[in-house]
Amino acid sequence: MHNLQGYIHSFDENLAFRNFDSNLDLFSLKPVASSEGIWCFSFSENSFLVLWNPSMKKSVAISVPNYIRQPDSPKMIFGFGICPVTLEPTILKINYPLYTDGPWYVSVSTLSSRTWYNLDYDCLPRPSIRIKRSGQAVIQGKIFWIASEKYYNDDGISTKNYLIVSFDLVTHQFHVQDMPEQVLVGEFSPPYYISQLGDSLIISGSFDFGNFRFIYAWALDVQDGLISSCSLLFNIPHPEGHYLKLLGFTHSNQPIVEAEIVQQWYRSLQVFHPIVEGFVNIGVEANRDSFFIGPHKESLILLNEPRFRIVFTVLIVIYKECLRLPTIVVVLEAAVEMHMHPEQHTRNSTALLHEFYNDMDNLGLE
């Protein structure tokens, strides 16, 4: 995002940037994750999720209900990944109390079912664990997050133990692992961010040392969902007053970062250049935490999904405050009816749009 606008750029191995016609209203979308060439965005205050296949420029929407014994709170997290067995796009909605310990409430939906069901408590992590909003990675059919668990000493002082939580896209079970000791010792302190490079988990962060700051990254190898090894990928100094957040990697595995520089309003996109042994600004700026990088991958997922689903969803969201309540119900019923009886699509679409425009005319809208 930049000046309330949204942009998508593609770039090649030479870091040549070009605009990408995404056919999406980027201003209202927030990136969740990408997996197997499919991107997931939240939309309209988290009431919808949009799945987008950039290779086909095709998008569909899934409604996110706030329902069934799930107390919605500011601490709501989405997870997204493609099941490696069925190639089914799978979405998680995770809720738990914001400031106190309490149970997790997790519901799961797939694109083909478009229905949500709650996971049983025996599938969930300990209630005291909290997932950090620092991204996710999808490796070997599992979604990975960084998490923490708070402990209290006898004197009432709290400490945090950092963990790695994963969700199996096949079995729909969670698993909790300790963060490797190498990441937790010495100067490598939180906050931690998670990303991926190939089949390796990447844990990154930064720290101060003298008149310099350092950005670092650890590569964690994963075997059967478990961390098998951990090695320092890089530890790069940069000027004091620059705060760097790892976003991803170039085709030659050079880190790409979001840079916050003191006395500069916007964040800039920078890439490590091995010749100058430092980060170079490549001329792309945006607001804080609005950069998102995902690898391009040709995919046929969403190929057989009808395009009109997202159109009617967007109409509901944009004009819900202008339409009469009965009309909103008609829109929802019509969308379901078109899904069940596609042969009625043309006739239903005409009737729906006719009533929609009547409402706009009655309200003096154009």
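Predicted model: local features only at pLDDT ≥ 70, side-chain atom pairs only at ≥ 80, totals over all residues.
Strand β20 spans residues 242–249 and strand β21 spans residues 255–261; their antiparallel pairing runs over 7 bridges. Gly 248 lies opposite Ile 256 of β21, and Phe 249 lies opposite Pro 255 of β21.

The two strands β20 and β21 form a hairpin, with 5 residues between them. In the turn, Asn 253 has a positive phi of about 65°.

## Positive phi in two other loops

Lys 57 sits in the loop between β5 (48–53) and β6 (58–63). Its phi is near 50°, a positive value in a residue other than glycine. Lys 57 has a relative accessible area of 36%, and is therefore classed as partly exposed, between the limits of 20% and 50%.

Asp 224 belongs to the loop between β18 (212–223) and β19 (226–239). Although Asp 224 is not a glycine, its phi is positive, at about 55°. The relative accessibility of Asp 224 is 72%, so this residue counts as exposed, the cut-off being over 50%.

## A cis peptide bond

The peptide bond from Pro 190 to Pro 191 is cis, and its omega is near 10°. Pro 191 is located in the loop that lies between α1 (181–184) and β16 (193–197).

Notes: Residues numbered from 1 in each chain as written. Heavy atoms only, no water. Pairing = 2+ DSSP bridges. Helix = DSSP H or I, 4+ residues; strand = E, 2+ residues; numbered from the N terminus. Buried < 20%, exposed > 50% of the residue type's maximum accessible area, 1.4 Å probe, protein only.
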